[in-house]
Amino acid sequence: MRVRIGEQIDAYNRQPFQRRDGSRLSVFTTEEKPLMQPLPAAPFEISTWSYKRKVNKNSHVVWARNFYSVPFSHIGGYVDLRITDTMLEVYRNDERLTSHLLLPASTTNQYQTNDADLPEGRSFQAWDRARIEEWAARMGPSAVTVIGKIFEAASIEEAGYDPALAVLRLSRRFSPTRVEAACALALQGPIRSPWYAHLRPILDTGQDKTGRVPDKPETDDGGYVRGSDYYAGGVR
């Protein structure tokens, strides 16, 4: 059927005009064809846009549970992403900052990093467990143990990055020596896996200086409950 339709279209285009010289084919050949330009080298691709994605401190932006690098000068800023079947492009306003091959949909927590997006000498690198553990080792053995317990409690390794870094970044407010002492003190207490919420109160109250083991946190399993004396008519 397609062959027959093609034959009919060709015959139709060759039919002479009724009120002027030539045919549709002759007009195309003499007037239109010389003005035509080649098709683009790259075929058109349907794309999806995602706007106002924040560039994280590790100079990467998140898309579909993976991480793609952005030039480090844009850390903390917002960018737009153009995603096709094969590519991810990063834009700020109308300027394309960088591009990446799109990671397969089956991958998660993977990094696509262009060396040119990071400062010269690779002094800035994405955080991973090895780098986090190196920082903890410089702080002391108790910090190493706390970080290890955080990773053990995480469902996947990447889920431990933020809570581990939160602990280590306490050394920016308190000295590394105090953070190490707080880790040692927390490990003596009833908490199986100490993290930021357990260590920060120790440092804020100076318990790391006194060496007092923190008490087990009070639980409130019963909600707002009054004692039996209240319901028996006793003293409130």
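**Group meeting: a walk through the chain**

Hi everyone, let me begin at helix α1, residues 2-14, where Ile9 has its place. Do keep in mind that what we have here is a predicted model. Is Ile9 buried, exposed or partly exposed? Its relative accessibility is 47%, so Ile9 counts as partly exposed. Together with Met1 and Ile5, Ile9 makes a nonpolar surface patch of about 360 Å².

Now for the overall picture. The chain holds nine helices and seven strands. It has 236 residues, and 31% of them count as buried. The accessible surface comes to about 16600 Å², with 51% of that belonging to carbon and sulfur atoms. If you take the contacts with a separation of 6 or more, residues 24 or more positions apart account for 50% of them.

Let's go inside. The largest nonpolar core has 25 residues, and the members that touch the most others are Ile132, Ile147, Leu168, Val179 and Leu199. Which helices each supply at least two residues of this core? They are α3 (129-139), α4 (141-153), α5 (161-168), α6 (176-188) and α7 (196-205). Apart from this core lies another one, made of 11 residues, including Val55, Val70, Leu81 and Leu103.

I'd like to stay with α3 for a moment. Its buried residues are Ile132, Trp135, Ala136 and Met139. Then, just after α3, comes Gly140, with a positive phi of about 150°.

My last stop is Pro194, which you'll find in the loop between α6 and α7. Buried or exposed? Pro194 has a relative accessible area of 0%, and the limit for buried is under 20%, so this loop residue counts as buried. What does Pro194 touch, not counting residues up to four places away in sequence? Val146, Lys149, Ile150, Ala186 and Leu187. As for Cys183, 11 residues away along the chain, its C-alpha atom is separated from that of Pro194 by 7.7 Å.

How values were computed:
Residues are numbered from 1 along each chain as its sequence is written. This is a predicted model: local features need pLDDT of at least 70, side-chain atom pairs count only at pLDDT 80 or more; totals for chains, interfaces and linings use all residues. Side-chain values use heavy atoms; hydrogens and water are left out. A nonpolar core is a set of buried Ala, Val, Leu, Ile, Met, Phe, Trp, Tyr and Cys residues joined through side-chain atoms within 4.5 Å. Buried means under 20% relative accessible area, exposed over 50%, partly exposed in between (1.4 Å probe, protein chains only). Helices (H or I, at least four residues) and strands (E, at least two) are DSSP runs, numbered from the N terminus. Contact means heavy atoms within 4.5 Å. Accessible areas come from the Shrake-Rupley method with a 1.4 Å probe; for residues, only the protein chains shown count as cover. Patches are made of residues with over 30% relative accessible area and no salt bridge: like charges are joined within 9 Å, nonpolar side chains (Val, Leu, Ile, Met, Phe, Trp, Tyr) within 5 Å. A salt bridge is a side-chain nitrogen of Lys or Arg within 4 Å of a carboxyl oxygen of Asp or Glu.
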